[in-house]
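Trainee: Could you take me closely through one part of this model, setting it in the context of the whole chain before you come to the detail?

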Amino acid sequence: MQPLAAEALHKRFGDREVVREVTFAIDPGEVVALVGPNGAGKTTMLSMLAGVLRPDSGRLTVGPGGLGWVPQRAAVYPKLTIRENLNLFARMERVKDRPQAVERTADRVGLADRLDDRVGQLSGGMRQRVSIGIGLIAEPEVLLLDEPSAALDPLQRTRLWDLLNGLAAQGVAIVYSSHLEAEVENHADRVVVLDSGAMLYNGPPSELGEGDFEAAFIEILLANRDDAPVVD
Ligand SMILES: Nc1ncnc2c1ncn2[C@@H]1O[C@H](COP(=O)(O)OP(=O)(O)OP(=O)(O)O)[C@@H](O)[C@H]1O
Ligand SMILES: [Mg+2]
């Protein structure tokens, strides 16, 4: 059984079709990048996969290992310490042996020595780690992240990918959205291109186009636009 499978997921806001019958599944340890222009439907798609937004139609199957969700804006309590935040989410997820789960998770995200720091006093990169820790607290088989590196400097981004690649090596499937071509090119077994809610591509980054990844990506978008220029 795949840890996450979505079949014909569809979402409408008013009369706007935001995600159109998207079908895709993920294997254990696979890293999938979700790309597309602003408003393409990435956050909507991830929110449906995470189970925090109800699709209008379609089917979502989550494996027994469950999934973790890391929204773009860290849902953390700034006045609480890292330990208190992790413990709170562990309680909400009904995690057994919470103190141990908190220590193990902090260790996994590289925050073991900062457990008693208040989250509001951490740097953006560290807060991001707390947010990932919250997503990992119940040891899910799938981690969904919405633009995880958007607010990170290049060094923090490298650290984030050390962490995410390490998780993938342990078998955690990762689905993330990104606007950074270099990141997608370097860190994805598979790329899903969304535009206006439709899936335009679902395959390895190497087959997206010859050579220049960014140019290939833009070409796919333009080729599928109604207003695309006609080229002979
Ligand atoms: N709660 C909502 N109510 C109405 N429309 C919404 C809602 N959430 C999203 N939308 C619309 O759905 C479309 C897709 O939005 P979404 O946030 O999924 O795009 P995105 O691909 O994540 O964009 P970005 O790259 O800017 O983060 C947009 O047109 C947006 O305005
Ligand atoms: Mg978004």
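Mentor: In this predicted model, the protein is divided into domain 1, made up of residues 1–66 + 140–200, and domain 2, which covers 76–139. The C-alpha centres of domain 1 and domain 2 are 22 Å apart, and their contact draws nine residues from domain 1 and ten residues from domain 2. On the side of domain 1 that touches domain 2, the largest share is the three residues contributed by helix α5 (residues 154–169); by class, that side of domain 1 holds seven nonpolar and two polar residues, with no charged residues.

The part to look at closely is the pairing of two helices, α2 (residues 82–92) and α3 (residues 98–108), which pack with their axes 9 Å apart and at an angle of about 120 degrees. Angles of 65 to 115 degrees would count as roughly perpendicular and those over 145 as roughly antiparallel, so α2 and α3 are oblique to each other. The crossing of α2 and α3 is right-handed. From α2, the residues Ile82, Arg83, Leu86, Asn87, Ala90 and Arg91 take part, and they meet Arg98, Ala101, Val102, Thr105 and Ala106 of α3. Sorted by class, the residues of this contact between α2 and α3 are six nonpolar, two polar and three charged.

Key: Residues are numbered from 1 along each chain as its sequence is written. Chains are lettered from A and ligands numbered from 1 in the order in which they are written. This is a predicted model: local features need pLDDT of at least 70, side-chain atom pairs count only at pLDDT 80 or more; totals for chains, interfaces and linings use all residues. Domain bounds come from an automatic or database domain assignment. Two residues are in contact if their C-beta atoms, placed from the backbone, lie within 7 Å. Helices (H or I, at least four residues) and strands (E, at least two) are DSSP runs, numbered from the N terminus. Ala, Val, Leu, Ile, Met, Phe, Trp, Tyr, Cys and Pro count as nonpolar, Asp, Glu, Lys and Arg as charged, and the others, Gly among them, as polar. Axes are lines fitted to C-alpha atoms, for helices over the stretch in contact, and angles run from 0 to 180 degrees between N-to-C directions. Angles under 35 degrees count as roughly parallel, over 145 as roughly antiparallel, 65 to 115 as roughly perpendicular and the rest as oblique. A crossing is left-handed if the near helix is turned anticlockwise from the far one by less than a right angle, and right-handed if clockwise.
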